[in-house]
Amino acid sequence: MLPPDPFANDPNDPAKSLDAMDDDRGEPISEAERAELLADLADLSIYQALLEPRGVQGIVVDCVDCEQAHFHEWHLLRASLEQLLTDERMRPHEPAFDPDPHDYVSWEYCRGFADGVTTAN
């Protein structure tokens with residue numbers, strides 16, 4: 001038997017915001033968006049294979065909403081993109097704990113690095 005819900009019948013129940021997320025599906029992703037996500041996942045695998053052995057832990061993204069840098073470890077970014085493909089939305093997730101900005105690079109850096117490696121070979 002579970003203990004009683006301490007927020008039962010409470011209009012300020014903090015879990016209500018989580019329930020609202022399930023109701024707010026938004027527009028389904030288009031076939032073009034799905035193709036872009038699949039391409040991003042393929043690129044991410046290449047970038048990780050090239051950069052992780054060099055000590056890069058993931059990708060940094062400058063967020064236009066909060067105007068802060070978001071640090072995504074390789075596996076977390078992959079999981080987020082895969083979730084977007086399957087659920088057609090991303091759930092909130094915990095940010096990297098005390099990331100060292102020197103351990104992360106931008107998506108553009110990854111693309112340039114991969115282009116340089118493939119051009120040089």
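This is a predicted model: local features need pLDDT of at least 70, side-chain atom pairs count only at pLDDT 80 or more; totals for chains, interfaces and linings use all residues.
Residues are numbered from 1 along each chain as its sequence is written, and side-chain values use heavy atoms, with hydrogens and water left out.

Now, back to the rings. The structure holds 3 aromatic pairs; rings of Phe, Tyr and Trp (its six-membered ring) pair if their centres lie within 6.5 Å, and planes under 30 degrees apart count as stacked, over 60 as edge-to-face and the rest as tilted. One of them joins Phe-71 and Tyr-104, edge-to-face, at 5.1 Å centre to centre with 65° between the planes. Phe-71 sits in strand E2 (residues 69–73) and Tyr-104 in strand E3 (residues 104–105), so this pair ties together parts 33 residues apart in sequence. Strands (E, at least two residues) and helices (H or I, at least four) are DSSP runs, numbered from the N terminus.

Another pair is Tyr-109 with Phe-113, which is stacked: 6.2 Å centre to centre, 20° between the planes. Both lie in helix H4, 4 residues apart, about one turn of the helix. Tyr-109 is partly exposed at 43% relative accessible area, and Phe-113 is partly exposed at 21%.

What does H4 pack with? Helix H4 (residues 107–120) packs with helix H2 (residues 31–51) at an angle of about 70°, with axes 10 Å apart. Axes here are lines fitted to C-alpha atoms, for helices over the stretch in contact, and angles run from 0 to 180 degrees between N-to-C directions. That makes H2 roughly perpendicular to H4, a label for angles of 65 to 115 degrees; under 35 is roughly parallel, over 145 roughly antiparallel, and the rest oblique. Residues making the contact (heavy atoms within 4.5 Å) include Leu-44 and Tyr-47 of H2, and Tyr-109, Cys-110 and Phe-113 of H4.

Finally, the cysteines. Cys-110 counts as buried, at 1% relative accessibility, whereas Cys-66 is partly exposed at 37%. How many disulfides are there? The count comes to 0, taking a disulfide as a pair of cysteine sulfur atoms within 2.5 Å. For Cys-66, the closest cysteine sulfur is in Cys-63, 3.7 Å away, too far for a bond.

Notes
Buried means under 20% relative accessible area, exposed over 50%, partly exposed in between (1.4 Å probe, protein chains only).
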